[in-house]
Amino acid sequence: MDENEVLTEAEQAALALVRECRSRINSTAGQFDSARIGDVLIRELEYLKHAVSARQIELTARLVTDAKDRLRPETKVAAGWAARVTAVAVGFARRRHPAAAARLVRQAQVLTHEMPSILDAMRAGELGEEQAAILVRETDGLDPAARAQVADEISDRWHRLGDRGLREATRCVVNRLDPDLAQVRAIAAAQDRHVNWRSAPDSMLRLTALLPVREGLACVQALQAADDVAKASAADRGRAMADALVSRVTGRAAGEPAPVDVRVNLMIPIEALIKDASGHLEGYGTIPGHLARDLIAACPDEDGPAVRRIFTAPGHDELIGMESSSRTYRGLLREFITLRDQRCRTPFCESPVKHIDHITPAAEGGKTTAANAEAGCERCNYTKELPGYFVTGGAEKVTHRVGRLTMISTPPRPPGTRRRQPPSGLERHFAEVIWDGFTAPKRE
Ligand SMILES: [Zn+2]
């Protein structure tokens with residue numbers, strides 16, 4: 001559907017009804033002044049959430065079907081196009097990362113077409129979206145008839161099981177219906193083994209590994225058997241295991257500071273040199289000033305540029321101002337845009353940057369400039385090519401549109417650029433010295 005297409009009376013009425021429901025629920029706050037029915041209301045609202053989720057799921061599956069129907073049969077597009085472009089719309093509508101939105105779309109298709117009894121249970125308030133996700137995941141690989149049978153066999157108890165109980169009950173039935181499936185799935189799942197990490201609150205980093213159970217347990221047992229862990233009290237065991245992990249992976253003795261022997265860009269405002277101001281560590285995100293200074297101090301120049309310091313100039317809110325005669329983003333320009341955008345610019349994605357892309361494609365006359373560039377992750381870079389997904393605007397304000405949903409993306413402000421008054425002469429001079437090779441951005 002085009003965003004400018006006029007809505008029918010029935011469509012407008014449907015939207016108005018949903019909006020009215022929300023306002024009526026909000027108005028219940030003023031309708032009673034005792035806590036006597038608070039618990040019952042919480043339960044009723046939970047049932048309502050389940051019913052709302054069921055409706056979202058149905059609509060999601062319907063969007064995929066509609067997208068397929070709209071496409072002319074002679075148009076050549078990538079396999080799974082309809083589901084992928086629907087995932088973008090669902091991501092925008094529900095503020096989800098594109099990968100999470102893609103999972104919601106797959107789940108909606110299974111629930112709608114293969115396990116409709118679960119949707120009925122959701123409408124009745126018996127199951128929520130998370131429980132439905134467990135049932136879909138645990139029956140993955142079964143044919144539709146078997147999936148429906150699993151749902152049927154546990155439908156008498158699913159409303160009183162916790163998530164773990166529901167998972168176990170589903171596995172039991174699946175193992176009976178298809179005894180070989182667990183092995184087939186284990187072999188496939190082992191191919192997905194990986195290590196990933198993400199920033200955690202308070203200058204921490206969460207490191208996780210997805211491993212086949214045998215290797216995973218071997219790691220846990222090796223850490224448990226480490227000298228310091230075996231000697232540690234129960235209260236200290238968690239910390240001792242974390243220390244043993246660091247020491248074994250980095251080869252450094254416990255207690256010795258682990259070197260940040262990685263080539264990273266650290267972007268910090270000039271103010272961070274003299275007072276506290278947060279910085280941006282590429283691949284991690286925002287870090288407090290004390291950590292930025294520690295990282296610099298831990299990497300003296302004689303050890304090589306393990307941490308590359310890039311200072312942001314006060315007053316330069318928009319780092320926009322370089323261009324290249326090439327049709328691809330390379331070298332300094334590429335690095336500049338990576339620093340400016342910091343993360344994939346697709347709304348709610350925020351994955352690490354893998355590609356720098358033209359906003360207006362080079363084939364349509366788009367220039368290879370920072371102002372026409374947008375950082376993206378691998379997934380979003382390919383998704384943007386799909387029919388039905390429109391990206392327009394300039395780097396300062398990129399518009400992503402799918403169907404009737406439009407999202408605006410603006411680059412994050414470099415750290416320390418809260419104030420907008422022009423920098424002093426000394427600051428400007430300092431900025432020019434330490435920007436070293438970067439064209440100081442011009443303000444229009
Ligand atoms: Zn992305």
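Ile408 lies in strand E11, where strands (E, at least two residues) and helices (H or I, at least four) are DSSP runs numbered from the N terminus. I begin with this residue and will work outwards from it. Before that, a note on the model: it is predicted, so local features need pLDDT of at least 70 and side-chain atom pairs count only at pLDDT 80 or more, while totals for chains, interfaces and linings use all residues. Residues are numbered from 1 along each chain as its sequence is written.

Is Ile408 buried or exposed? Ile408 is exposed, because 11 other C-beta atoms lie within 10 Å. The cut-offs are these: a residue is buried with 20 or more other C-beta atoms within 10 Å of its own, exposed with 12 or fewer, and partly exposed in between, the C-beta atoms being placed from the backbone. Leaving aside residues up to four places away in sequence, Ile408 touches Lys397 and Thr399; contact here requires C-beta atoms, placed from the backbone, within 7 Å. Ile408 also stands 9.0 Å from Thr346, C-alpha to C-alpha, although 62 residues separate the two in sequence.

Three strands form an open sheet in the order E9-E10-E11, with antiparallel pairing; two strands pair if DSSP finds at least two bridges between them. Strands of a sheet pair through backbone hydrogen bonds, either parallel or antiparallel. E9 (389-394) and E11 (405-409) are the edge strands, each with a single partner, so one side of each has no neighbour in the sheet. From one strand to the next the twist averages 20°.

E9 and E10 are antiparallel and share six bridges, and a hairpin of two residues connects them. Within this pair, Thr392 stands opposite Thr399 of E10. E10 (residues 397-402) is joined to E11 by five bridges, again in the antiparallel sense. There, Val402 has Leu405 of E11 as its bridge partner.

A second residue of interest is Arg343, in the loop between helix H14 (331-341) and strand E7 (355-358). Arg343 counts as partly exposed because it has 19 C-beta neighbours inside 10 Å. Apart from residues up to four places away in sequence, its contacts are Glu350, Ser351, Pro352 and Val353. Between Arg343 and Tyr284 there are 9.8 Å in space, C-alpha to C-alpha, and 59 residues in sequence.

I move next to the helices. Which helices cover the buried residues of H6? The cover includes helix H4 (98-113), helix H5 (116-123), helix H7 (144-154) and H8. The buried residues themselves are Gln131, Ala132, Leu135, Val136 and Glu138.

H6 (residues 129-138) packs against H8 (residues 163-177) at an angle of about 25°, with the axes 9 Å apart. Axes are lines fitted to C-alpha atoms, for helices over the stretch in contact, and angles run from 0 to 180 degrees between N-to-C directions. H6 is therefore roughly parallel to H8; under 35 degrees counts as roughly parallel, over 145 as roughly antiparallel, 65 to 115 as roughly perpendicular, and the rest as oblique. The crossing of H6 and H8 is right-handed, meaning that the near helix is turned clockwise from the far one by less than a right angle, with anticlockwise being left-handed. H6 contributes Glu130, Gln131, Ile134, Leu135 and Glu138, and H8 contributes Asp163, Leu166, Arg167, Thr170, Arg171 and Val174. This contact has four nonpolar, two polar and five charged residues; Ala, Val, Leu, Ile, Met, Phe, Trp, Tyr, Cys and Pro count as nonpolar, Asp, Glu, Lys and Arg as charged, and the others, Gly among them, as polar.

H8 also meets H7. Their axes come within 10 Å and cross at roughly 135°, and H7 and H8 are therefore oblique to each other. Ala146, Gln149, Val150, Glu153 and Ile154 of H7 face Ala169, Thr170, Val173, Val174 and Leu177 of H8. By class, there are seven nonpolar, two polar and one charged residues in the contact of H7 with H8.

To close, the chain as a whole. It contains 16 helices and eleven strands, and buried residues make up 26% of its 444 residues. Of the contacts with a separation of 6 or more, 59% are between residues 24 or more positions apart.

Notes. Contact = placed C-beta atoms within 7 Å.
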